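I opened this model to look up its salt bridges, its core and its surface. My entries follow in the order I made them.

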Amino acid sequence: MPKQSTNMSGLQCLASENIWYDKHRYDEAERHFYEGVNGPSKHHQVKTALQQAKGRPQKRQHRNSSSHAADQELVSRMKSLEVENQALHKVVQEMRTALQKLESRVAMLEKTPATVPCKAAPVQAAPVKQVKVANGNDDDDDIDLFGSDEDDEEAARLKQERVDAYAAKKAKKPALIAKSSILLDVKPWDDETDMAELEKCVRSVQMDGLLWGASKLVPVGYGIKKLQINCVVEDDKVGTDILEEEITKFEDYVQSVDVAAFNKI
């Protein structure tokens with residue numbers, strides 16, 4: 001029991017004591033405070049100076065390398081300029097030589113006398129034929145100023161032959177027949193109309209100049225379909241009015257006929 005009481009009293013003593021574990025942190029904060037007020041200490045200044053002294057050789061080495069690269073670039077540029085200069089000297093020399101040759105040639109041309117231009121050969125005028133008019137009654141009788149009746153008859157005959165030949169040639173040429181393509185819409189009375197019988201009635205319309213073509217049933221609505229049929233007609237023989245009149249005669253099947261399209265061929 002006495003030993004246990006001794007251990008308890010030692011723990012109580014340690015708990016009652018105050019130990020400053022973070023003293024170095026507070027010391028560092030205090031040093032920074034005074035350095036901020038009074039400036040950095042000598043030890044800190046010496047440390048900064050040593051760091052700067054270590055960085056100077058690196059900066060000098062960098063400067064030396066950059067200056068060496070600049071020198072090399074300058075040398076290469078000087079070499080290229082020298083090559084260009086030599087080429088320019090060569091071109092100038094060639095131009096001087098050509099100019100000297102030109103000057104010597106001009107001087108020789110100035111010394112030689114000008115050549116005499118060749119004289120053009122004179123153009124001889126064509127001789128004019130002189131018409132001699134002889135005075136006498138015999139010559140006057142031979143000249144017929146108005147022509148004879150036989151010449152007029154011959155000219156009229158030739159003219160008539162040419163007109164007849166042209167008329168015969170024109171008559172043999174076939175005349176151009178004007179045609180048209182018509183698309184008709186034939187409408188029934190209702191949906192119970194026999195469309196096959198309606199088409200049969202329409203195609204039964206035959207006349208000179210009429211030719212029926214293709215057809216089809218087109219829905220209109222409510223189950224009603226209209227007949228759309230194509231035909232080719234000769235304009236001088238068949239017209240749309242005649243077609244409509246003939247188709248509408250089938251009153252049991254046809255309600256109306258309309259022209260959907262009309263094209264000249």
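**Entry 1: a pair in H5**

Glu154 and Arg157 sit about one helical turn apart, because three residues separate them in helix H5 (residues 149–172). I take helices (H or I, at least four residues) and strands (E, at least two) as DSSP runs, numbered from the N terminus. An α-helix has 3.6 residues a turn, so residues three or four places apart point the same way.

The model is predicted: local features need pLDDT of at least 70, side-chain atom pairs count only at pLDDT 80 or more, and totals for chains, interfaces and linings use all residues. Residues are numbered from 1 along each chain as its sequence is written, and side-chain values use heavy atoms, with hydrogens and water left out.

I looked up how the two side chains meet. Glu154 and Arg157 form a salt bridge at 2.3 Å, N to O. The term means a side-chain nitrogen of Lys or Arg within 4 Å of a carboxyl oxygen of Asp or Glu. Side chains of opposite charge can pair when their charged atoms come close. Glu161 joins Glu154 and Arg157 in a network of salt bridges.

Glu154 counts as partly exposed at 37% relative accessibility. Arg157 is partly exposed too, at 40%. My cut-offs are under 20% relative accessible area for buried and over 50% for exposed, with partly exposed in between (1.4 Å probe, protein chains only).

**Entry 2: other salt bridges**

How many salt bridges does the structure hold? I found nine.

Lys187 pairs with Asp258, their closest N and O atoms being 3.6 Å apart. Lys187 lies in strand E1 and Asp258 in strand E4, so this pair ties together parts 71 residues apart in sequence. Lys187 is partly exposed, at 31% relative accessibility. Asp258 is partly exposed as well, with a relative accessible area of 34%.

Lys237 forms a salt bridge with Glu234, with 3.3 Å between the closest N and O atoms. Is Glu234 buried or exposed? Glu234 counts as buried, at 16% relative accessibility. Lys237 is partly exposed, at 43%.

**Entry 3: the overall layout**

I then stepped back to the whole chain. The protein has seven helices and four strands. Along the sequence the pattern reads α-α-α-α-α-β-α-β-β-α-β. Of its 265 residues, 11% count as buried. The accessible surface comes to about 23,900 Å², and 56% of that belongs to carbon and sulfur atoms. These areas come from the Shrake-Rupley method with a 1.4 Å probe; for residues, only the protein chains shown count as cover.

I also looked at contacts, meaning heavy atoms within 4.5 Å. Among contacts between residues at least 6 apart in sequence, 68% join residues at least 24 apart.

**Entry 4: the core**

Which residues touch the most other members of the largest nonpolar core? In this core of 18 residues, they are Leu184, Val186, Val202, Leu210, Trp212, Leu243 and Ile247. Strand E1 (179–188), helix H6 (195–203), strand E2 (210–221), strand E3 (224–234), helix H7 (240–247) and strand E4 (254–264) each supply at least two residues. E3 gives the largest share, four residues. A nonpolar core here is a set of buried Ala, Val, Leu, Ile, Met, Phe, Trp, Tyr and Cys residues joined through side-chain atoms within 4.5 Å.

Leaving aside residues up to four places away in sequence, Ile247 touches Leu184, Val186, Val202, Val205, Trp212, Val254 and Val257.

The buried residues of H6 are Met195, Leu198, Cys201 and Val202. They lie on the same side of H6, because they cover an arc of only 115° around the axis. That arc is taken from the directions from the helix axis to the C-beta atoms. These buried residues pack against E1, E2, E3, H7 and E4. On the other side of H6, Ala196 and Lys200 are exposed.

Asp194 is in the loop between E1 and H6. Asp194 is partly exposed, with a relative accessible area of 42%. Its C-alpha atom is 7.5 Å from that of Tyr253, 59 residues away along the chain.
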